[in-house]
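I opened this notebook to look up charged pairs, helix packing and surface patches, and I began with the charged pairs.

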Amino acid sequence: MKRRKSFLFISAFTLAAGSFIAGCAHPERDAAAYRHILNSNALPATNQLPDGPLTLTQAMALANRNNEQLGKSGEDYAQALINKSRAVSNFLPTVSFQPSYAIADRPPGSYNSLPLAPTDAATFRTNGKAMTTLQAPVEGNMNLFRGFGDVANLQQAKELISQRKYLLLDLQATVLLDVSQIYYQILSSEQSVVVLKSSVQLQEARLEDVTNQFRNGLATRLAVAQSRADLDAARVQLIAAQGDVVNGRAMLAYLIGVHEVPNVLRDDSQEIRSPLFAEVIYEQIALKCRQDYLATHHEVLAAKQNVNVAIAEYYPQVTINVEGFLYRQFYNQASKWDALLQLYLPIFSAGQIEADVRAAWSRLREAALDESNVRRAALRDVQQSYENYVTAINRVRELRDEVAAAQDAYEQSRQAFANQLAINLDVLTAQDQLLSSQLQLSSATFDQTVYYLDLVRSTGRLVADVPFLQPNTRTSSNSLTAAY
């Protein structure tokens, strides 16, 4: 008998330990599920800064792997997968091992074995002045019918998985766009620093020239003061541009998940040349591919299933419970197994079920309003980003002409200086104008790239239409045409 008891307790401990190990053996699978979604692009697998220059692609890859907001959104997706597994478990039976050991005071005049009560199937064994009993039942419970509420709950879990997936992809596109914007902002600020340093040198030369003229009686004190003010203004602009570089690098470090970014930035994305379609085409693509809009659509579908879950509370519920005893004292006085079939039919619930149904309908209407709002916001984003992109294209075209004219003026000033028809200040002025025009063109080119990325982001196809993010070699125009 003692061996049998020891075997039962060892079996129970082994079963419990096996269940614990099975549940904790692979906790990284949930993280791998959303990492697979985030890594479905051409970004390199890296989680640290390179030794050399930092390219835009590498910065995006670091943000894709290190950004905490993406990780939190990924965990939301993993929890949706877990909720689906929980919904599936409602269709499966549950089995539990519940051994029990009871001890009680022995009543006066009792014999060696005595039931605790006439209706109690457990028999006690006397042990001195106490009575003990040991039972080792295995219980199984299964839901047979719950008004189709479990089916609706499972469908709701599936819709929530799709919603969380689209929200994850939407956040990924937002983070990648933020990285590109701050990256080009830093490049623009660094070029501004170069131009402003040249401007400071020019203003210093002008101040020196005006000062010499003032000493010779060829300029007024007002002209000297004005030149000094222009020099101070140029220095203030230079300090502000240098501060923008420092702040921009701090923000970039925050986005990509590193402490600081001391690397030289080198833009590896070639100038994006994409055919410009009509605005209505981008709007139609957004309604098909925009991730946040698709997420709200699946949220509406999940809310519909939630209504079915609430309505299912009106239906009857049928469950079955089976209990078998691996060990029981005095089998001759107790059954070895029993089964219980239960039917539950709500007759009066004091309005609780009605309140659940009304609340479910309210959440459905709220989800529909969210979908409508996101749809209008998506169309607005497309309109704004499209207009910004068109404006940037026209601005780049005009600035190229301005740079060509400034380049010609600079060459003429150099020739005039070589022929002693101009002074060095004229050359510095032309050079400053050329550098300023080149800076404006460079900034406008960066803006054009950012506005294009913003445009494809507003359509929900940032990864699909940007060449250096695509998981294959298809072109941007082909992928847009395919989406349309």
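Predicted model: local features only at pLDDT ≥ 70, side-chain atom pairs only at ≥ 80, totals over all residues.

Residues are numbered from 1 along each chain as its sequence is written, and side-chain values use heavy atoms, with hydrogens and water left out.

I then asked which residues form a salt bridge with arginine 290. Aspartate 292 does, with the closest N and O atoms 2.8 Å apart, and aspartate 381 does, also with its closest N and O atoms 2.8 Å apart; the term requires a side-chain nitrogen of Lys or Arg within 4 Å of a carboxyl oxygen of Asp or Glu. Helices here are DSSP runs (H or I, at least four residues), as are strands (E, at least two), numbered from the N terminus.

Aspartate 381 is buried, and aspartate 292, at 16% relative accessibility, counts as buried. Arginine 380 meets aspartate 381 in a salt bridge of 2.9 Å, N to O, but at 43% relative accessibility arginine 380 counts as partly exposed. I recorded Arg290, Asp292, Arg380 and Asp381 as linked in a network of salt bridges, and a search of the whole structure finds eight such bridges.

Entry two, helix packing. I looked up H5 (149-215) and H8 (residues 291-311), whose axes come within 8 Å and cross at roughly 165 degrees; axes are lines fitted to C-alpha atoms, for helices over the stretch in contact, and angles run from 0 to 180 degrees between N-to-C directions. H5 and H8 are therefore roughly antiparallel to each other, given that angles under 35 degrees count as roughly parallel, over 145 as roughly antiparallel, 65 to 115 as roughly perpendicular and the rest as oblique.

Helix H3 (residues 56-66) packs against H5 at an angle of about 140 degrees, with their axes 10 Å apart, which makes H3 oblique to H5.

Phenylalanine 148 is found in the loop between strand E6 (130-145) and H5, and I noted it as exposed, with a relative accessible area of 58%.

Terms used
Buried < 20%, exposed > 50% of the residue type's maximum accessible area, 1.4 Å probe, protein only.
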